[in-house]
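I am opening a notebook page on one model.

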Amino acid sequence: MTKHTVVGGSVVEELLQHPDLYHIRALTRDPSKPAATALTARGVEVQYADLDDTREALAAAFTGAHVIYALTDFWQKQSSSAEIEQGKTIADAAAATPTLQHFIWSALPDPVALSGGEFLNVHHWKGKSLVTEYIETRKPDLWERTTTILFPNYFENCLTIPDRYLPTKDGAGRYTLRFPHSPKTVMPNVAIADTGKLVHIILEAGPVYLTKTIAFWAQALSEAEKLAELGNHYNVPTRYVPASASEFQEILMTQNRMSEEIALDFTEQLMIFEKCGNVYARDEFVQAREIPGLSLQTWSEFICKHKLLDQA
């Protein structure tokens with residue numbers, strides 16, 4: 001059966017490889033953008049939609065969809081309240097779509113629950129977790145058709161935000177990285193480009209992952225381990241320097257020009273892993289890396305595909 005799907009990002013690329021299974025509809029705020037027109041040329045139905053629209057307007061965009069892959073972007077407005085409203089509007093519109101068979105929600109875990117109430121300022125996690133709670137408690141019929149995916153640290157952060165995730169080179173040619181973690185503190189990592197492969201497997205599994213939460217990560221790695229492997233790959237000297245939480249927050253404010261609130265948000269999310277371990281590895285979550293048939297990139301494979309260090 002052909003599934004009509006509203007998707008984004010790497011999910012489009014994966015589902016385009018299965019034209020016999022999927023007719024893809026991509027929603028965008030600007031259908032005239034080059035990326036949108038390129039999708040149209042490849043047979044994707046591109047339609048205008050704005051997550052700040054009313055539920056009715058978004059429901060119209062969802063008309064006829066059998067599958068909806070939904071995500072919100074906290075960093076666009078850097079407002080948890082705005083993201084929560086967007087997420088609820090998506091959920092309301094999805095619940096009002098009579099053809100819907102599967103709702104896939106791109107989420108993050110509850111930082112307060114996972115840290116035992118220690119970290120209260122990770123707003124970009126909390127907002128998404130409140131939308132998940134809204135779906136489960138206020139939209140039970142939709143929840144029965146929902147799979148939640150928890151997204152971790154992306155390898156691609158090194159490409160999109162290199163000043164924050166890649167080491168800096170000093171006059172002696174040594175590459176130094178400062179992070180608020182001990183050298184042994186691991187975080188869950190994944191290549192965001194693999195998202196489509198996960199979504200395709202979820203859809204092909206039918207009801208297997210309905211009402212389930214999938215922790216989407218390939219490797220648990222420390223930033224020190226990633227730096228060392230990067231150094232070995234490029235044959236350059238490296239140095240990992242742990243920073244205190246306050247020092248790192250100050251770095252984000254001065255070098256990355258974050259506001260104090262957002263820098264605290266970003267720092268506390270990292271400190272969850274420092275204080276609580278790899279919270280994504282809990283038994284309450286389905287582990288994506290254990291799903292049969294799903295092959296996820298490793299850090300070694302990723303750094304072989306991309307130029308990450310400028311050695312000039």
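**Entry 1: the second largest pocket**

A pocket here is an open set of points on a 1 Å grid over the protein atoms alone, where a 1.4 Å probe fits, with protein on both sides within 12 Å along at least five of seven lines.

The model is predicted, so I kept its limits in view: local features need pLDDT of at least 70, side-chain atom pairs count only at pLDDT 80 or more, and totals for chains, interfaces and linings use all residues. Residues are numbered from 1 along each chain as its sequence is written, and side-chain values use heavy atoms, with hydrogens and water left out.

I counted 17 lining residues for this pocket, lining meaning an atom within 4 Å of a point. Pro109, Asp110, Ser129, Thr132 and Phe285 lie nearest the centre. Two or more residues each come from helix 6 (111-114), helix 7 (123-138) and strand 6 (146-150). These are DSSP runs numbered from the N terminus, with helices being H or I of at least four residues and strands E of at least two. Helix 7 contributes the most, 5 residues. By class I have 9 nonpolar, 4 polar and 4 charged residues in the lining; Asp, Glu, Lys and Arg count as charged, Ala, Val, Leu, Ile, Met, Phe, Trp, Tyr, Cys and Pro as nonpolar, and the others, Gly among them, as polar.

**Entry 2: strand 6**

I then followed strand 6, where 5 of 5 residues are buried (under 20% relative accessible area with a 1.4 Å probe, protein chains only; exposed is over 50%, partly exposed in between). Side chains in a regular strand alternate between the two faces of the sheet. Thr146, Thr148 and Leu150 are on one side, Thr147 and Ile149 on the other, and both faces are covered.

For neighbours, I found strand 5 (residues 102-107) parallel to strand 6 over 5 bridges, with Phe103 opposite Thr146. Strand 11 (residues 213-215) is also parallel to strand 6, through 3 bridges, and Thr213 is the bridge partner of Thr148. Pairing requires at least two DSSP bridges.

**Entry 3: cysteines**

How many disulfides does the structure hold? I found 0, a disulfide being two cysteine sulfur atoms within 2.5 Å. Cys304 has its closest cysteine sulfur in Cys158, 14 Å away, which is too far for a bond. Cys158 counts as buried because its relative accessibility is 5%. Cys304, at 58%, counts as exposed.
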